[in-house]
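Here are my notes for a first look.

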Amino acid sequence: MFFSLHGHGRGLAMAAAGVTVLSFDSLLVRLAATDGWNIIFWRGALMALSLGLLCLSGRRLATLRENPGVALFSAVTLGITSSLFVLAVMNTKVANVVVILSAAPLFAAIFTRCFLHETVAMRTWLAIMAAMVGMLIVFSGSLSGEGLLGDIYAVIAAAAVGGNLTLLRRHPNLDRIPLIAIGGGLSALIAWPMATPLALTTQSYGVLALMGLLQMPLATALINNATRYLPSAEVALFYLIEAVFGTLWVWWWLDEQPPQATLLGGALILLTLFVNAWLGLRSSTRRMAQPTGECRSP
């Protein structure tokens, strides 16, 4: 069980599990078979409902009261990210969306260096570059001049992901659950004027319930809590899993077979993540094993 691991290992397990759950997002958006605004509304509203119930005691809101500005900014960022992802998928190819979102680690590394003045390990920079090469291989034939609006949505979403992970890294004591609930509520409010939430099919409601009550709350909570143990750039690096696994889910469920380049690039991405995680875990283990030494009087 990953909660028995020390900090770095726990963060790795949380990030990997969270992004793996998140990787079903594109497939579920397609299976919902409705307008993007309806998806944003119901997903956000159900996230706010399911996670909001956990905050009724008030104890979870205490950390938000201590940093209200930071909490509001994080919640708004979460709401914007969720909304923009759906709009991007609805306005351009899924391949375009995931390859652009793969820039999230780069945004996180830049924000971490600029705003937190936290050193980003060279292995993380190298892993980002290697993973970008993998993404180019995967989607070498997918990018085109079409869907410009969706591409713009995806770029803003990638920056928002990197920014929010960096912010949460700076404030590890903020309770993530109410932030996610508020973010979901905000995204529902944004979509409400454009949505027709009561005119959907039974299948659409079922898929949206799965997304809003289980998949998105679980994925977001795991990813955001991983920032307690890992630098934001390392957490964001795991978003590359979504590009690989998201392609596989669509292949298996909708029979959209990926080309050979997808399999080759996906293998490179997963290998990069494995090597980076292993090196980080080994470095963390070595630091923990080093004796602290004793203070001696002169």
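1. Helix α7 passes helix α9 in a right-handed crossing. Keep in mind that this is a predicted model. α7 covers residues 104-116, and α9 covers residues 148-170.

2. The axes of α7 and α9 come within 8 Å. They cross at roughly 45°. Angles from 65 to 115 degrees count as roughly perpendicular and those under 35 as roughly parallel, so α7 and α9 are oblique to each other.

3. Which residues meet at this crossing? From α7 come Ala104, Phe107, Ala108, Phe111, Thr112 and Leu116. From α9 come Val155, Ala158, Ala159, Val161, Gly162, Gly163, Thr166, Arg169 and Arg170. By class, the contact has 9 nonpolar, 4 polar and 2 charged residues.

4. The structure holds 1 cavity of 30 Å³ or more. The largest cavity has a volume of about 360 Å³. Its lining is made of 25 residues. Closest to the centre are Thr81, Ser82, Met216, Thr220 and Tyr239.

5. Which elements give two or more residues to the lining of the largest cavity? They are α3 (36-52), α5 (68-91), α9, α10 (176-191) and α11 (202-226). Note α9 in that list: this helix also meets α7 in the contact described above.

6. What is the make-up of the lining of the largest cavity by class? It has 13 nonpolar, 9 polar and 3 charged residues.

Technical notes: Residues numbered from 1 in each chain as written. Predicted model: local features only at pLDDT ≥ 70, side-chain atom pairs only at ≥ 80, totals over all residues. Heavy atoms only, no water. Axes fitted to C-alpha atoms, helices over the stretch in contact; angles between N-to-C directions. Helix = DSSP H or I, 4+ residues; strand = E, 2+ residues; numbered from the N terminus. Parallel < 35°, antiparallel > 145°, perpendicular 65-115°, else oblique. Left-handed = near helix turned anticlockwise from the far one by under 90°. Contact = heavy atoms within 4.5 Å. Nonpolar A, V, L, I, M, F, W, Y, C, P; charged D, E, K, R; others polar. 1 Å grid on protein atoms, 1.4 Å probe; cavity = no way out; pocket = protein on both sides within 12 Å on 5 of 7 lines; lining within 4 Å. Points joined across faces, edges and corners; volume = space filled by probe spheres on them.
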